[in-house]
Amino acid sequence: MAPSPGRDGRTRIHVVSDVHGNARDLARAGDGADALVCLGDLILFLDYADHSRGIFPDLFGVENTHRLVELRTARKFAEARELGARLWAGVDGDRAAVIEGAVRAQYAELFAAFPTPTYATYGNVDMPPLWPEFAREGTTVLDGERVEIGGRVFGFVGGGLRTPMRTPYEIGDEEYAAKIEAVGEVDVLCTHIPPDVPELVYDTVARRFERGSRALLDAIRRTRPRYALFGHVHQPLARRMRIGATECVNVGHFARTGRPWVLEW
């Protein structure tokens, strides 16, 4: 059930994105809020800032992680995939099974940290088929769907668009646009990726443009939600800007800051 306004008649929502394994701060992210909203990327495959953290360095060590990050940052994606293939060739067992086991371990800890109620959608590095196994009562998973929270309508669209990175939950532009269309007019539009605006999709540390959604940008201009909230780009050129009547806000990178973004009315 969606929360009602608090005793003072106001509703306070905390919003996080790009958790990337930070279960400790996630357990406190809902403190003082009527609900928590999570916009995905729960798991940590590798940390571009700390090459000792994540599934990849656990398997292959810091030096190999450093080399992989160098190749990706230089946009040498074919060489990065070749490096990965060589490393995986030396691992006993099925690659998919090894990754899934590591992801399950992270999900068990992260979903246990969600407060009640939590409303969540997937990021591009998440594995949606596993979520029903870990989402407890009080955690509502939404993708291409709407929910009312404190008298306002929130729409959720998860995942990312296809890139050379080939992360687990990347989908085609048409499929993504269909989910945006299914959400329709809402007060708060919640997505993992940003609208396709240069200032919002450029990562100043990775030194590259991430993929934003043109369909999302068109929907913002057409339906004029009060807020468009998203993450995905960890160090954006601009963390917030207005598009017409809509305040667009990057609510990540929670893994680094450990602080939720606050929406109150």
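**Close-up views of a predicted model**

**View 1. The pairing of strands β1 and β15.** In β15, Trp261 is the bridge partner of Val15. The structure shown here and in the other views is a predicted model. Strand β1, made of residues 12–16, is joined to β15 by four bridges, and the two strands run antiparallel. As a general point, the strands of a sheet pair through backbone hydrogen bonds, either parallel or antiparallel. Both strands belong to an open sheet of five strands in the order β4-β3-β2-β1-β15, in which the pairing is mixed. The edge strands of this sheet are β4 (139–141) and β15, each of which pairs on one side only. On average, and with direction ignored, neighbouring strands of this sheet are turned by 20 degrees against each other.

**View 2. Val262 in its strand.** Val262 lies in strand β15, which covers residues 261–264. Leaving aside residues up to four places away in sequence, Val262 touches Arg12, Ile13 and His14.

**View 3. Two hairpins with a glycine in the turn.** Strand β5 (residues 145–149) pairs with strand β6 (residues 152–157) in the antiparallel sense over five bridges, and Glu145 stands opposite Phe156 in β6. Two residues lie between the strands of this hairpin, where Gly150 takes a positive phi near 60 degrees. Met241 stands opposite Cys248 in β14. Here too the hairpin has two residues between its strands, and Gly244 in the turn has a positive phi of about 60 degrees.

**View 4. Helix α5 and the largest nonpolar core.** The largest nonpolar core holds 55 residues, of which Val16, Val19, Leu26, Leu42 and Tyr107 touch the most other members. Helix α5, residues 95–113, gives the most to this core, with six residues. A second, separate core has 19 residues, including Val37, Leu39, Leu142 and Leu229. In soluble globular proteins, nonpolar side chains tend to be buried together. Helix α5 has 19 residues and reaches 28 Å from its first C-alpha to its last, which is close to the 27 Å expected at 1.5 Å a residue. Among the buried residues of α5 are Ile99, Val103, Tyr107 and Leu110, and what covers the buried residues of this helix includes α1 (23–26), α2 (55–60), α4 (77–89) and α6 (131–134). At the start of α5, a side-chain oxygen of Asp94 reaches to within 3.2 Å of the backbone nitrogen of Ala96.

**View 5. Backbone details in the loops.** A cis peptide bond, with omega about 0 degrees, joins Thr116 and Pro117, and Pro117 is found in the loop between α5 and β3 (118–120). The peptide bond from Gly252 to His253 is also cis, with omega near 15 degrees, and His253 lies in the loop between β14 and α10 (254–257). Asp18, in the loop between β1 and α1, has a positive phi of about 55 degrees although it is not a glycine. Arg207, in the loop between β10 (202–203) and β11 (208–209), has a positive phi of about 60 degrees and is likewise not a glycine. Asp18 counts as buried because its relative accessibility is 0%, whereas Arg207 counts as exposed because its relative accessibility is 56%.

Notes:
Residues are numbered from 1 along each chain as its sequence is written. This is a predicted model: local features need pLDDT of at least 70, side-chain atom pairs count only at pLDDT 80 or more; totals for chains, interfaces and linings use all residues. Side-chain values use heavy atoms; hydrogens and water are left out. Two strands pair if DSSP finds at least two bridges between them. Contact means heavy atoms within 4.5 Å. A nonpolar core is a set of buried Ala, Val, Leu, Ile, Met, Phe, Trp, Tyr and Cys residues joined through side-chain atoms within 4.5 Å. Buried means under 20% relative accessible area, exposed over 50%, partly exposed in between (1.4 Å probe, protein chains only). The expected span of a helix is 1.5 Å times one less than its number of residues. A polar contact is a pair of N or O atoms within 3.5 Å; within protein, one must be able to donate a hydrogen and the other to accept it, and residues adjacent in sequence count only if both atoms are side-chain atoms. Axes are lines fitted to C-alpha atoms, for helices over the stretch in contact, and angles run from 0 to 180 degrees between N-to-C directions.
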